[in-house]
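Q: Please take a close look at a single part of this model. A plain account with the cut-offs stated is enough.

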Amino acid sequence: MIRTMHYDTHTSGLPDPEFQPGFYDGVTLKRVLAWVLDTAVIGTLTVLFGFATLFVGFFFFPVVFLALSVVYRITTIAAKSATPGMRVVGIEFRNREGHQLTPGEAALHTIFYLISLTFFLPQVISWGMMLMTQRRQGLHDVVLGTAAINRPRL
């Protein structure tokens, strides 16, 4: 059980993976599960938007899906440092100081995440990094200094 965080003061304010590996145990799989849940929610919202616009929205399905994805991710990460899917699986984002993400950091994280999804090579590199780095960070996480961790319990 994770009670408090011991911060790695040499490199960042994130929990130290050597002293507290529990913060990073299973995070990659949980990120995948959270992504599936969030994508299902965004897809459902997109379909509802299509019906609400009397089917006109379906002609612009990819654009509407992308727009809803951006709004969904930025607002939910800015509010609680995690999307609803991430909350269900018990993970959240932390910035390099170990704090929850600010609205600006949430926007940058979302933009960098979407850019990495757009191109094949960054996406492959990102997944490889999530599997191999101590903090299970993707490419966009390393660039921004963020990490997904198991939610601390008080």
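Predicted model: local features only at pLDDT ≥ 70, side-chain atom pairs only at ≥ 80, totals over all residues.

A: Residues are numbered from 1 along each chain as its sequence is written, and side-chain values use heavy atoms, with hydrogens and water left out.

T76 is found in helix 2, which covers residues 61-80; helices are DSSP runs of H or I with at least four residues, strands are runs of E with at least two, and both are numbered from the N terminus. With a relative accessible area of 13%, T76 is buried (buried is under 20%, exposed over 50%, partly exposed in between, using a 1.4 Å probe and protein chains only). The T76 side chain reaches the backbone oxygen of Y72 at 2.7 Å. Leaving out residues up to four places away in sequence, T76 touches S81, A82, T83, P84 and R87, where contact means heavy atoms within 4.5 Å.

The loop between helix 1 and helix 2 holds L54. L54 is exposed, at a relative accessible area of 69%.

Elsewhere, strand 1 (residues 91-94) and strand 2 run antiparallel and are joined by four bridges; strands pair if DSSP finds at least two bridges between them. I91 has N150 in strand 2 as its bridge partner. Strand 2 (residues 147-150) is covered on both faces, with A147 and I149 buried on one side and A148 and N150 buried on the other.

Conventions. Polar contact = N/O pair within 3.5 Å; in protein donor to acceptor, adjacent residues only side chain to side chain.
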